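Student: I would like to learn how to read the features of a structure like this one. Can we go through them in turn?

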Amino acid sequence: MSAVVTESPETTKPGLREGAFGNATALSCRECGHQVALGPFYACPECFGPLEISYAFPLVTREEIEAGPRNIWRYKALLPVPSDIETSPNTEPGFTRLLDAANLAAELGIAKLWVKDDSTNPTNSFKDRVVACALSAARELGSTVFACPSTGNLANAVAAAGARAGIKTVVFIPSNLEQPKQVNSAIFTENLVAVDGNYDDVNKLASEIAGEEEGWAFVNVNVRPYYAEGSKTLGYEIAEQLGWRLPDQVVIPVASGSQLTKVDKAFQELIKLGLVEDKPYRIFGAQAEGCGPVATAYKAGVDAIRPVKPDTIAKSLAIGNPADGIYVLDIARRTGGAVEEVTDEEIRAGIVLLARTEGIFTETAGGTTTAVTKKLVETGQLDPTLETVIINTGHGLKTLDSISGQVGPAATIAPSYDAFKATGL
Ligand SMILES: Cc1ncc(COP(=O)(O)O)c(C=O)c1O
């Protein structure tokens with residue numbers, strides 16, 4: 001469908017500088033293809049569908065990217081950020097390790113497996129990537145407050161990036177969130193607001209505030225199109241770190257579904273730009289049974305996603321009404337992947353399995369991804385002979401409660417050699 005960029009007064013925000021969004025050309029509706037000019041817009045004026053960034057990419061070579069900084073700005077030509085982005089204070093996330101996970105591979109019976117370990121980002125989750133792009137957009141749009149509704153990790157990333165940028169932050173979380181995630185936000189901002197309700201209630205409140213208040217950039221609400229693009233860098237890095245080629249299979253945790261859809265977008269862009277060879281790849285989504293609306297729809301073979309009330313230890317994945325759920329379904333089906341779910345018990349076992357095989361302490365989201373990968377192999381949905389990457393999105397120190405009581409001292413002994421010998425260790 002050929003769509004026209006509408007030039008209405010409301011789409012040209014005064015004060016936008018030339019090149020504020022790099023090679024981005026417009027915001028395109030993912031539902032009807034209608035386009036609007038770049039600005040603080042996130043819903044299609046025609047059909048209310050979600051808007052996403054379109055680009056006119058210049059010729060980008062592998063060498064140019066490789067010569068860039070060891071953070072997400074090495075891909076700045078492919079992001080909605082200005083060409084001088086490195087000069088603005090930001091947390092500079094990205095270029096995290098792609099770990100050859102031979103021990104876990106042997107345990108799961110997979111021939112070749114890597115863990116893309118995003119727990120080593122500045123605030124220990126992949127959210128630093130999306131927030132870095134959202135901060136650039138907020139700055140270019142002249143926003144005065146940097147904000148988000150969050151299941152925890154996003155609030156950590158927004159609070160830290162806002163502190164570094166010297167912009168006021170206000171972050172909203174469900175009041176029952178894990179303590180370490182609350183402290184991880186409160187250390188960076190005075191304005192942590194705990195809301196009595198679940199994430200979907202917090203999100204609704206944020207949308208209301210965004211509609212009422214001037215100058216507030218809610219990273220995952222009214223600057224969502226810019227924010228979401230940051231997740232593409234996970235896909236770019238996987239391909240670059242594999243020596244500029246795509247893996248056969250990727251397993252990705254799903255809450256709103258944004259991250260999964262952007263890894264697919266990244267792979268498609270790399271193919272279009274000739275930076276990797278075109279080949280089939282399969283994308284799998286991982287959810288918790290206590291909040292698995294996309295997995296439920298996938299298994300039922302339906303397109304509509306019925307919202308649920310979350311009840312799981314995987315609080316970072318506890319989004320009952322996922323904004324990008326239908327796109328996740330589409331990508332899983334189109335690529336020959338699947339969306340699978342696991343119990344809280346399996347999630348705990350997944351956390352321990354990843355730790356004891358690869359020395360990676362993941363949070364509940366990574367426990368979900370590891371456990372789902374195991375289940376996908378056992379049920380024959382994931383091909384164990386193909387090269388596979390699983391994404392670890394966050395650090396286990398943030399969700400200690402979820403495994404307390406599961407691990408601990410093998411023995412508590414008197415400080416004597418005899419007592420030690422008696423343990424049989
Ligand atoms: C650690 C972690 N992994 C995965 C996700 C899911 O991300 P998305 O909402 O993009 O599906 C989240 C969301 O907050 C998260 O915090």
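Student: Is E140 buried or exposed?

Tutor: The terms first: buried means under 20% relative accessible area, exposed over 50%, and partly exposed in between, with a 1.4 Å probe and protein chains only. E140 has a relative accessible area of 12%, so E140 is buried. This is a predicted model, where local features need pLDDT of at least 70 and side-chain atom pairs count only at pLDDT 80 or more, while totals for chains, interfaces and linings use all residues. Residues are numbered from 1 along each chain as its sequence is written, and side-chain values use heavy atoms, with hydrogens and water left out.

Student: With which residue does E140 form a salt bridge?

Tutor: A salt bridge is a side-chain nitrogen of Lys or Arg within 4 Å of a carboxyl oxygen of Asp or Glu. The partner of E140 is R17, and their closest N and O atoms are 2.9 Å apart. E140 sits in helix α3 and R17 in the loop between β1 (5-6) and β2 (24-29), so the pair, 123 residues apart, links distant parts of the chain. Helices (H or I, at least four residues) and strands (E, at least two) are DSSP runs, numbered from the N terminus. R17 counts as partly exposed because its relative accessibility is 37%.

Student: How many salt bridges does a search of the whole structure find?

Tutor: The search finds 29. One of them joins the side chains of K265 and E52, at 3.9 Å from N to O. K265 is in helix α9 and E52 in strand β4, 213 residues apart, and both residues are buried. Another joins K232 and E269, at 3.1 Å from N to O. K232 belongs to helix α8 (residues 232-241) and E269 to helix α9, 37 residues apart. K232 and E269 are both buried.

Student: Which residues are linked in a network of salt bridges?

Tutor: The network is made of R30, E52, R224, E229, K232, K262, K265, E269 and D324.

Student: Which residues lie nearest the centre of the largest pocket?

Tutor: They are N203, N220, R224, A323 and D324, out of 30 lining residues. The elements giving two or more residues to the lining are β4 (51-55), α6 (199-212), α7 (224-229), α9 (258-272) and α11 (325-335). Helix α6 gives the most, with six residues.

Student: What does V389 touch, leaving out residues up to four places away in sequence?

Tutor: Contact means heavy atoms within 4.5 Å. V389 touches L98, W114, K116, I238, P247, Q249, V250 and V251. V389 is in strand β14 (residues 387-392) and counts as buried, because its relative accessibility is 0%.

Student: And where is K127 found?

Tutor: K127 is in helix α3 (residues 127-140). With a relative accessible area of 16%, K127 is buried. Leaving aside neighbours within four places in sequence, K127 is in contact with N153, L154, A157 and Y227.

Student: Which value of phi does F95 have?

Tutor: Phi of F95 is near 50°, a positive value in a residue other than glycine. F95 lies in the loop between α1 (62-66) and β5 (98-100), and is buried at 16% relative accessible area. W244 also has a positive phi, near 60°. W244 is in the loop between α8 and β11 (249-253), and its relative accessible area of 7% makes W244 buried.

Student: Which residues make the nonpolar surface patch?

Tutor: Patches are made of residues with over 30% relative accessible area and no salt bridge: like charges are joined within 9 Å, nonpolar side chains (Val, Leu, Ile, Met, Phe, Trp, Tyr) within 5 Å. Accessible areas come from the Shrake-Rupley method with a 1.4 Å probe, and for residues only the protein chains shown count as cover. I413, Y417, F420 and L425 make a patch of about 460 Å². F420 is in helix α14 (residues 417-422) and is partly exposed, with a relative accessible area of 35%.

Terms used: On a 1 Å grid over the protein atoms alone, a cavity is a set of points where a 1.4 Å probe fits but cannot get out, and a pocket is an open set with protein on both sides within 12 Å along at least five of seven lines; lining residues have an atom within 4 Å of a point.
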